[in-house]
Structure formats: C-alpha cells, structure tokens
Amino acid sequence: MKVVLPFNIACGYCFNCHRGYTQACLTTNPDSPSAAYGYAGMGPYQGGQAEFVLVPSADFNYLKLGV
Ligand SMILES: [Zn+2]
C-alpha cells in the first residue's frame, strides 16, 4: 500500500476533527488551532520534505493511494 501525507497535521479526535475541519485541529499546535510542517506559527514541526519524517497521528492523517 502506498500513502501520502498532507502538510497539515490533525489529531483525529478533537471537536474540529470530529466535524471534518481537520485544518483547524485544536490539539496539535499549542499556540493556535491548526498545525503544519514547516510553517511559522503552525506548531513546532519542521519541514516535511525529507527522506524520512516523523509523522504525529499518522494513522489519522495518511491518504491511501490506489486500491
Ligand atoms: Zn484535532
């Protein structure tokens, strides 16, 4: 199975994530709603363009490719 991961990071269990507003996750960024890799003010996450990356809540954030 091949997967991709978006640059926004969501927990999958907060109020906004349960309603489908994963771009405004309430738990992944301690400073404000929403978190992403490599963006100032969107949490303590470094850029995601690397050979290897540590993915928080990967079981919720991945998108499966193909069948
Ligand atoms: Zn969330």
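Modeller: The 4 donor atoms around the zinc ion subtend angles of 100 to 118 degrees, so the arrangement is tetrahedral. Four donors are called tetrahedral if all angles lie between 85 and 135 degrees. Ideal angles for four tetrahedral donors are 109.5 degrees. This is a predicted model, in which local features need pLDDT of at least 70 and side-chain atom pairs count only at pLDDT 80 or more, while totals for chains, interfaces and linings use all residues. Residues are numbered from 1 along each chain as its sequence is written, and side-chain values use heavy atoms, with hydrogens and water left out.

Biologist: Which protein atoms are the donors of the zinc ion?

Modeller: Donors are N, O and S atoms within 2.8 Å of the metal (3.2 Å for Na, K and Ca); water is not among the atoms, so sites may look incomplete. Here they are the SG atoms of C11, C14, C17 and C25, lying 2.3 to 2.4 Å from the zinc ion. Along the chain the donors follow the spacing C-x2-C-x2-C-x7-C. C11 lies in the loop between strand 1 (2-4) and helix 1 (15-18), and C25 in the loop between helix 1 and helix 2 (58-61), so the pair ties together parts that are 14 residues apart in sequence. Helices (H or I, at least four residues) and strands (E, at least two) are DSSP runs, numbered from the N terminus.

Biologist: How many disulfides are there?

Modeller: A disulfide is a pair of cysteine sulfur atoms within 2.5 Å. By that rule the count is 0.

Biologist: Is C25 buried or exposed?

Modeller: Buried means under 20% relative accessible area, exposed over 50%, and partly exposed in between (1.4 Å probe, protein chains only). C25 has 0% relative accessibility, so C25 counts as buried. C11 is buried too, at 8%.

Biologist: What does N16 touch?

Modeller: Contact means heavy atoms within 4.5 Å. Not counting residues up to four places away in sequence, N16 touches Y21, T22, A24 and L26. N16 is in helix 1 and is buried, with a relative accessible area of 15%.

Biologist: What is the phi of S34?

Modeller: Most residues other than glycine have a negative phi. S34 is not a glycine, yet its phi is positive, near 95 degrees. S57 is another case, with a positive phi of about 55 degrees. S34 is buried at 13% relative accessible area, whereas S57 is partly exposed at 25%.

Technical notes:
Tetrahedral: all angles 85-135°; square planar, octahedral: opposite > 155°, others 65-115°.
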